[in-house]
Amino acid sequence: MPKSVEITFARSAKPAGGVAVVLAAEGAKPGPSAEAVDPAGVLKKALKVAEFKGKARTAVDVIAPSGSSADRIVVVGLGNTAKPDPDAWTRLGGAIAGRFGKARRATVFLDAPDVEIDAAAVASVAMGMELRAYRFDRYKTKKKDDGNGNEPDTVKVTIVAAAAAAAKKLWSEYEGIAGGVMLARDLVNEPANILGPLEFAAKAGELSKLGVEIEVLTEKEMKKLGMGALLGVAQGSTRPARLVVMRWNGGKAKSKPIAFVGKGVVFDTGGNSIKPAGGMEDMKGDMGGAAAVTGLMHALAARKAKANVIGIIGLVENMVDGNAQRPGDIVTSMSGQTIEVLNTDAEGRLVLADALTYCIDKYKPEFVVNLATLTGAIMVALGQFHAGLFSNDDTLSEQLTEAGLATHERVWRMPMGADYDKLIDSKNADMKNIGGRYGGSITAAQFLQRFVDETPWAHLDVAGTAMGSPANEISQSWASGFGVRLLDRLVRDYYEK
Ligand code: BES
Ligand code: MN
Ligand code: ZN
């Protein structure tokens, strides 16, 4: 399908060629608009032959009979509308866009008997379409050929709905969120030769156009602050580290900010504790946490969120080199705590330790959520459909869980505690950067917790969800952009009053 959609909203429209999409709830007939695009009445038989039941996101494709103003008609299932799936509308939009094929025009009729489709639903469908269309093809010099000329780059979509006017207003907000997700995907998909710490920082800097305040700390400044943990990771790379602070001040002047911190390892070779060659290329995505934080700041600024939000990303490259850190090195973090680096491949926690300390010392946030592609072990525990949630705060955990269900960016809370914490005590320093053989995601979280004091905190281990993502209705990309919609929702539902 085309890689972008150009969306307009209308109260009514007649397709002029292209594909016409109509909806049908489970066990019900298609909406009234189906009759308009199907004057000959062929759909009834087609749906019967296809044994179409209206299950959510299933579809039947029919070549339009003569007399229809469309070339093709697609009926898409709405599922059980009395018990809708969470985030049903966004996913429906993705499923619809997945049926556009080579069409250059699409007319999507959002109506169904006895189903209320409000402005938020309509805008969500539009967002789902945009996210589905995304693809990373910047480095393909030959365009996809469909056999008779090039595939169109964009499909013009008219969404027909009763709530069109209100949806159009909301769309500018939702488009901002989609933009944040796609920014995060781009950053994760981009190879590390192109996106080093400086280039990532420059990308984040572009958010100033949306009114985000940007501050970039250099290595010299970080050294002065005592960020020995972060800088120890960076010292094996010829490309210098950066810490980027993004601030969106959309809330009341006096109200405390909320904060998001991201792991931004632009490439993770493992350092001297080097990774095996097979699959190492995936480590270009080891900045998925930082990408999500950057995408989130984009989303919040684009939709002018009424909240004060800090986004901090630690950008480093973990390389093998004559100056790279060695197993057994002891570094002093900004917090003053010392760390014995027993495995240079457990580098994300070292970067986050100093980023978290800086965030909490300087901004005293109401809470901090960090995101990181932190451990392979989280994939062993949860697979790729939930991010690991580790937290010292039940309220924040519940809010994240709810936001996850609402956006289908799901999180699953994992245990923490003193028994696990003990596993990272070190003989030679305050702590070591790895635990034992088991519970690797938990000991990693325990490590981070030693840098947050009493601040309400949550850590999302997104190693399984941010990259190498299984394709779904709204993402066909290696990088999913996981975290942007989740945290946008957290802010919207709980922190914008
Ligand atoms: N970036 C990796 C974790 C990772 C692995 C992310 C696979 C995405 C896919 C992290 O820096 C790492 O190497 N973790 C080690 C920790 C271990 C040395 C304690 C791991 O998971 O093996
Ligand atoms: Mn690593
Ligand atoms: Zn890593």
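Is Gly 250 buried, partly exposed or exposed, and what is its relative accessible area? Gly 250 is partly exposed, at 26% relative accessible area. Buried means under 20%, exposed over 50%, and partly exposed in between (1.4 Å probe, protein chains only).

This is a predicted model, in which local features need pLDDT of at least 70, side-chain atom pairs count only at pLDDT 80 or more, and totals for chains, interfaces and linings use all residues. Residues are numbered from 1 along each chain as its sequence is written, chains are lettered from A and ligands numbered from 1 in the order in which they are written, and side-chain values use heavy atoms, with hydrogens and water left out.

**View 1. Gly 250 sits in the loop between strand 8 (242–249) and strand 9.** Strands are DSSP runs of E, at least two residues; helices are runs of H or I, at least four; both are numbered from the N terminus. Beyond its neighbours within four places in sequence, Gly 250 contacts Ala 305, Lys 306, Ala 307 and Asn 308. Contact means heavy atoms within 4.5 Å. Leu 300 is 50 residues from Gly 250 in sequence, but 8.7 Å away C-alpha to C-alpha.

**View 2. Asp 268, Asp 345 and Glu 347 coordinate the manganese ion (ligand 2).** The donors are Asp 268 (OD), Asp 345 (O), Asp 345 (OD) and Glu 347 (OE), at 2.0 to 2.2 Å. Donors are N, O and S atoms within 2.8 Å of the metal (3.2 Å for Na, K and Ca); water is not among the atoms, so sites may look incomplete. The donor residues follow the spacing D-x76-D-x1-E. Asp 268 also bridges to the zinc ion (ligand 3), and the two ions lie 3.1 Å apart. Asp 268 belongs to strand 9 (residues 258–268), while Asp 345 lies 77 residues away in the loop between strand 12 (338–341) and helix 10 (348–363). Asp 268 is buried, at 2% relative accessible area. Asp 345 is partly exposed, at 22%.

**View 3. Tyr 358 and Tyr 363 form an edge-to-face aromatic pair.** Their centres are 6.5 Å apart, with 80° between the planes. Rings of Phe, Tyr and Trp (its six-membered ring) pair if their centres lie within 6.5 Å; planes under 30 degrees apart are stacked, over 60 edge-to-face, and the rest tilted. Tyr 358 is buried at 4%, and Tyr 363 is buried at 10%. The structure holds 6 aromatic pairs.

**View 4. Ring pairs join Phe 260, Phe 367 and Tyr 495 into a cluster.**
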